[in-house]
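Biologist: I would like to go through this model feature by feature. Please give the general idea where there is one, then the case at hand.

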Amino acid sequence: MRSFRARMRFDAGWKHALRAFLPECLELLFPDLYAQIDWARGYQFLNTELMRPVPFLGRTQRFVDVLVRVYFRDGKERIVLLHIEIQAQRTANFPLQMFVYYYRVFDSYEFPELISLAILADNDPNWRPDTFERALAGCEVRFRFPTVKLLDFDEATLEQSRNPFALVVLAHLRALKTRGNPELMLREKLALVRQMHTRGYNPKQVIDLYRVVDYLMNLTKLQNQVVRELIQRLEAEQDMPLTSLEELAIEEGVRKGLRQGIQQGIQQGIQQGIQQGIQQGIQQGLRDGLVRATLRLLQTRFGEDALRLQPRLVQIESLEQLEALTAEAALAPSLEAFEGKLG
C-alpha cells in the first residue's frame, strides 16, 4: 500500500508540474521542440483517457500522462498534439507502451499531427529506451520517440537556472538521492523552499512549486511542520498576497477525499468478490473521491452553500471531467463562476 501511495504522489506531482509549467518544461527538457511551438497562440490540455484496454497492463481503462494541443511556428495552419509520459522505473515493455499509446491517441483523435515524448525519471543511468521495433516476413514497424534522462542534468546548473521547472527537476533528483533518509530529505526540502523565495517567482509559481515539491518529497507530519514554519516565516517577510500554506491546506483536503474514495471503492469491489468488481469499485471510488475533494475545496473557499452542487457533481461519470472540475474549484473566482463550468 505504501508503494501504491508513493506512486500516486509521484504521478500527481509530475502531472501538476507539467500542467502548471508546460512551456518552461519543454524549454528546459526539449528546447528544440519548444522553439518550434507558437506559444502566443496558447495551448489546450485534452482528455487523456484511452477507453479500450491496454492488454499488457491488464486494465479496462488507461490514461496517458499528459496530452496537449499546441500550434507550430512553421506557417502551416495545423494543430499538433503532444503526448508526454513520465516513467519513474525501468520496465521492459516501456517502448511497447509508448507505441500503443501513440496509436491509440492517433486513432482516437482522428489521425492528428502527433509527437510522443518520454521523461525518464528512474535511477538507472544506463536505461535509455527510445525505440519500438517489430518485423516479420517483410512487414516492419519502427517507432522512435524523443526522450530526456533527468539523471543527466547537473544539479549545480539547475540551481543557477531562472527557469522554474529547473526546481522541479532538482526536487525530483534530490528525492531520488535522499530516498530512505528522511533527515537528509528534510534538509534538501528546506533548501528548495528557500530557493523558491530567492528566485523572484510570482506567487502563483511559488504555490505551484510548493505543491510539486510537497508531492515529490514526502515527509512525516512532524517534519512537514518544520517546513511549514519556514514557509510561514519567508512569506511573512515577503508579504505574499496568497499564502502557500492556505493552498497546501486545500491540497491536503483533496488528497484526503481521494484516499477515502479509493479505499471505499476497493472495499466495495472486494465485497463483490471478483476482479472486475474490484476494478469497477476502484473507478467508482476515484469518482467519489474527486467529488468529495471538489466539494471540500468549494466549502473551504465559499462556505456551506457549495453543498447544493453535490447532486450535480455526483451525476458526472467522466473522471477526466471531474479532475478538471477539481482544478477549477481551486481557481474559480466565485461559486457562481464554478457553477457555470458544470454546464
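Biologist: Which handedness does the β-α-β unit made by strand 5, helix 4 and strand 6 have?

Modeller: This is a predicted model, so the reading applies to the prediction. The unit formed by strand 5, helix 4 (residues 94-108) and strand 6 is right-handed. Helix 4 lies across strand 4, strand 5 and strand 6, and runs at about 150° to strand 6.

Biologist: In which sense do strand 5 and strand 6 pair, and over how many bridges?

Modeller: The general idea comes first. Strands of a sheet pair through backbone hydrogen bonds, and the pairing is either parallel or antiparallel. Here strand 5 and strand 6 (residues 113-120) are parallel, with eight bridges between them.

Biologist: How many bridges join strand 4 to strand 5, and in what direction do the two run?

Modeller: Strand 4 (residues 66-71) and strand 5 are antiparallel and are joined by six bridges. On this side R69 is opposite L81 of strand 5.

Biologist: What is the strand order of the open sheet?

Modeller: The order is 1-4-5-6-9, five strands with mixed pairing. Strand 1 (44-45) and strand 9 (147-149) are at the edges with a single partner strand each, so one side of each has no neighbour in the sheet. Helix 2 (residues 22-29) packs on this sheet and touches strand 1, strand 4, strand 5, strand 6 and strand 9. The direction of helix 2 makes about 70° with that of strand 6.

Biologist: Which residues touch the most other members of the largest nonpolar core?

Modeller: They are W14, L29, I119 and F165, in a core of 56 residues. Helix 6 supplies the largest share of this core, nine residues. Apart from this core lies another of 17 residues, including L290, L313, A332 and L342.

Biologist: What does W14 contact beyond its neighbours within four places in sequence?

Modeller: W14 is in contact with I86, I119, L150, F165, V168, H172 and L216.

Biologist: Now two single residues. Is T178 buried or exposed?

Modeller: T178 is buried, with a relative accessible area of 0%. This residue lies in helix 6 (residues 164-178). Leaving out residues up to four places away in sequence, T178 touches L184, M185 and E188.

Biologist: And what is the relative accessible area of E155?

Modeller: E155 has a value of 22% and is partly exposed; the cut-off for buried is under 20%. E155 is found in helix 5 (residues 155-160). Beyond four places in sequence, E155 touches L170, L173, R174 and K177. The C-alpha atoms of E155 and L167 are 9.6 Å apart, with the two residues twelve places apart along the chain.

Methods. Residues are numbered from 1 along each chain as its sequence is written. This is a predicted model: local features need pLDDT of at least 70, side-chain atom pairs count only at pLDDT 80 or more; totals for chains, interfaces and linings use all residues. Side-chain values use heavy atoms; hydrogens and water are left out. Two strands pair if DSSP finds at least two bridges between them. Helices (H or I, at least four residues) and strands (E, at least two) are DSSP runs, numbered from the N terminus. A crossover is right-handed if, with the strands pointing away from the viewer, the path from the first strand over the helix to the second runs clockwise. Buried means under 20% relative accessible area, exposed over 50%, partly exposed in between (1.4 Å probe, protein chains only). Contact means heavy atoms within 4.5 Å. Axes are lines fitted to C-alpha atoms, for helices over the stretch in contact, and angles run from 0 to 180 degrees between N-to-C directions. A nonpolar core is a set of buried Ala, Val, Leu, Ile, Met, Phe, Trp, Tyr and Cys residues joined through side-chain atoms within 4.5 Å.
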